[in-house]
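Student: I am new to this structure and would like a close look at a single part. Please keep the account plain.

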Amino acid sequence: MSEAQVSVAQPIVRPLIEPRRLFIGGQWLEARSGQRREVLDPSTGKVITSVADAGIEDLDAAVLAARKAFDEGDWARMSGRERARILLRVAEVMRRRTEELVATESVDVGKPVTFSRIVDVATVIETYEYYAAQAQLKEGAYREVPGGARAYICREPLGVIGAITPFNFPLILSNNKLAPALAAGNTIVHKPASDTPLSALLMAEIFAEAGIPAGVVNVITGPGARIGDAMARHPGIDKIAFTGSTDIGREVARVAGECIKPTTLELGGKSGHIIFEDADVERAVGAAIQGFIFNTGQFCMAGTRLLVARPLHDAVVGALVGALPHIPLGDPFDPATVVGPMVSAKQRATSEDYCRIALEEGATLAVGGQRIEKEGGFYFPPTVVTHVTNQSRLVQEEIFGPVLTVQAFDTEEEAIALANSTVFGLAAGLHTRDISRVHRVSARLKAGIVWVNGWAILDPSVPFGGYKQSGFGREYGPEALHYYTQVKSTVIAP
Ligand code: NAD
């Protein structure tokens, strides 16, 4: 969680959101086809508002605007310090408009307002502050070449970035791409997820208010199969920064690969969370709960495979079964709510399907597993499944809902093997009091981030990203800037 935390008990009202248009070249435009699509409130299933449904001609216009802003505008050419000032203004405007951002993100995603405020909005403000600082640190090198030539090596922006993002943390995941891409001097065409496009459109207003020049950030809303796919193919886009499922990421990489377009892929996960026999069990159970219920399990780094030293197994399952039914679940606009609805009927149906599969596979539903009917919302409770085999679909496939499997292990070697036994490698974690074990096990876990005695400790300064089919590239940290720049060597003859 973030330093910029504010009171968790502030009341907040559901916002009324005007129908939104596309943001292209600094202007708000209807889709040329005139088509619109509805956006639903996951806590009621009712329509909140509508957004323009972009077509290929709208994408072309957005790419043209971003291209012009990159090739002819000031953004790529201004000093890092000037860009930093504007990025800091983005953070300032966000801070001023926090309540609007919180309400928009919560009504769109069904995210409890408490978390929208202290996690989502606060983190994105800090991300802009962090990359404002990074924008001023020009990295480079000087080398002497035998024969007397001298070379200097610097990084230049890539050009127009196509940013495609998923539904679950719209504000954070969009701006994980936009902040470093902007800091490096790129321009952007951003397509948020169709289910949750509202905060990206609100951010477009904030960018304009903060003084980001017209055309530098363009936001278009439309279906992934049409707009996302066309972005990956588009000759005017220089790089695709994609976050989403492994299946779609594979398709994006294939299409972008045909035009030799660099991509970064932040994909799915099925993270193993190990509790060793010497762990602080109470703390570990707390982290295990947080690790899979956060954002109603719609969290790429969710610790959805709990691996427990056999002597602790029954006590840990007992603690989970005892605690989970008491976690406040319900209206995202109630500041006491911890678990909101799932984002859509489709997402909830996927969790339900996997609970059916669990029973077919002979597993035991220890707690949860049945939808909760409430005000027409897409509610599904935190669910724990035991007696699973490691080969089962429940253990191997990403569910993207609040469904945790629990497996016992006998040795450290077995815990590591189980943790590494899926095609994914986004995150992993271990609970132990033995520092030698921390080093030993962390070095062998095939995951882009490893948490010790906690879960989901994230910060804009600490990179994360996937091993294996969880993707490639990193977000956060100075490392992310490498994925939005390219290396230029200038060699001066003697
Ligand atoms: P998704 O793959 O269905 O969609 C992601 C984005 O891709 C959306 O904007 C969608 O419209 C677009 N899209 C769909 N088809 C496309 C195509 N053919 N070409 C280009 N773009 C296309 O993912 P989702 O359901 O929105 O999000 C959940 C997934 O995202 C999970 O697998 C989760 O693990 C992953 N995720 C990963 C991270 C990470 O940092 N690694 C973070 C969050 C979510």
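Student: How close do the axes of helix α7 and helix α8 come, and at what angle do they cross?

Tutor: This is a predicted model. Two packed helices are described by the angle between their axes and by the distance between those axes. Helix α7 covers residues 224-233 and helix α8 covers residues 246-258; their axes come within 7 Å, and the crossing angle is roughly 35°. On the α7 side, the residues that meet α8 are D229, A232 and R233. They face V252, V255 and A256 of α8. Sorted by type, the residues of this contact are 4 nonpolar and 2 charged, with no polar ones.

For the surroundings, take a sheet next. Three strands make up an open sheet, ordered β5-β6-β20, with antiparallel pairing. The edges are held by β5 (140-144) and β20 (485-492); each has a single partner strand, so one side of each has no neighbour in the sheet. On average, neighbouring strands here are turned by 25° against each other, direction ignored. Strand β6 (residues 150-157) pairs with β20 over 8 bridges, in the antiparallel sense.

Two loop residues complete the account. F400, in the loop between α12 (393-396) and β16 (403-409), has a phi near 65°, a positive value in a residue other than glycine. F400 is buried because its relative accessible area is 16%, and buried means under 20%. N453 lies in the loop between β18 (449-452) and β19 (471-472). Its phi is also positive, about 60°, although N453 is not a glycine. At 25% relative accessibility, N453 counts as partly exposed.

Technical notes:
Residues are numbered from 1 along each chain as its sequence is written. This is a predicted model: local features need pLDDT of at least 70, side-chain atom pairs count only at pLDDT 80 or more; totals for chains, interfaces and linings use all residues. Side-chain values use heavy atoms; hydrogens and water are left out. Axes are lines fitted to C-alpha atoms, for helices over the stretch in contact, and angles run from 0 to 180 degrees between N-to-C directions. Helices (H or I, at least four residues) and strands (E, at least two) are DSSP runs, numbered from the N terminus. Contact means heavy atoms within 4.5 Å. Ala, Val, Leu, Ile, Met, Phe, Trp, Tyr, Cys and Pro count as nonpolar, Asp, Glu, Lys and Arg as charged, and the others, Gly among them, as polar. Two strands pair if DSSP finds at least two bridges between them. Buried means under 20% relative accessible area, exposed over 50%, partly exposed in between (1.4 Å probe, protein chains only).
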